[in-house]
Amino acid sequence: GSSKNKLLHGEAVAIGMICESYLSHKINKLKKEELKEITNLILSNFKPYKINISTAARIIELMKHDKKNYNRTINFSLLSTIGTCEINKTADETLIIESLNYYSEQAKYFNL
C-alpha cells in the first residue's frame, strides 16, 4: 500500500488489542461493558484504520506464521476480565474475521 496508509507498529498492536478483546468477549466471556471500555479507550488514542476484505485475508495469512502458533492453529492471549489473561486460546478464521469487522464498525464512530 501507499505510505500514507502504512500502519505504525503501535497502531497495529492497538487494532490487535481490540480484536483480541472482541475474541475475549466471544470465547472467554469478557463482559460486553469491558469490551466497550477497552475499545473506546484504544480508539480514542489511536487513529482508526480502514480494514477491507482483502486486507483481512492477508492479516489471517500473516497470523498463521506467528511464533505463538502451534500446528497451524492461530493462538491468542484472551481476557476473562480486564487484568486477567489466558494464553494459547484458539479462534477459527470466521471468528477472527468477525473481530476485524467489529473493529471496523467501532472505528467508524471515531472519524474513519
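**Exercise 1. Which element gives the most to the lining of the largest cavity, and with how many residues?**

The model is predicted, local features need pLDDT of at least 70, side-chain atom pairs count only at pLDDT 80 or more, and totals for chains, interfaces and linings use all residues. Residues are numbered from 1 along each chain as its sequence is written, and side-chain values use heavy atoms, with hydrogens and water left out.

Step 1. On a 1 Å grid over the protein atoms alone, a cavity is a set of points where a 1.4 Å probe fits but cannot get out; lining residues have an atom within 4 Å of a point. A volume is the space filled by probe spheres set on the points, which are joined across faces, edges and corners. Helices (H or I, at least four residues) and strands (E, at least two) are DSSP runs, numbered from the N terminus.

Step 2. Count. There is one cavity of 30 Å³ or more. The largest cavity has a volume of about 30 Å³.

Step 3. List the lining: E11, A14, I15, I18, I42, L43, F46, K47 and Y103.

Step 4. Assign. α1 and α2 each supply at least two residues. α1 gives the most, with four.

Step 5. Classify. The lining has seven nonpolar residues (Ala, Val, Leu, Ile, Met, Phe, Trp, Tyr, Cys, Pro), no polar and two charged (Asp, Glu, Lys, Arg); the others, Gly among them, count as polar.

**Exercise 2. Describe how α1 packs on α2.**

Step 1. Take the geometry. Helix α1 (residues 9–28) and helix α2 (residues 32–43) pack at about 175°, with axes 9 Å apart. Axes are lines fitted to C-alpha atoms over the stretch in contact, and angles run from 0 to 180 degrees between N-to-C directions.

Step 2. Name the arrangement. α1 and α2 are therefore roughly antiparallel (over 145 degrees).

Step 3. List the contacts (heavy atoms within 4.5 Å). A14, M17, I18, S21, Y22 and H25 in α1 meet K32, L35, I38, T39, I42 and L43 in α2. These residues divide into eight nonpolar, three polar and one charged.

**Exercise 3. Characterise the largest pocket.**

Step 1. A pocket is an open set with protein on both sides within 12 Å along at least five of seven lines. The largest has a volume of about 770 Å³. Of its 27 lining residues, A12, I15, G16, I59 and M63 are closest to the centre.

Step 2. α1, α3 (53–63), β1 and α4 (93–107) each give two or more residues. α1 has the largest share, nine.

Notes
Parallel < 35°, antiparallel > 145°, perpendicular 65-115°, else oblique.
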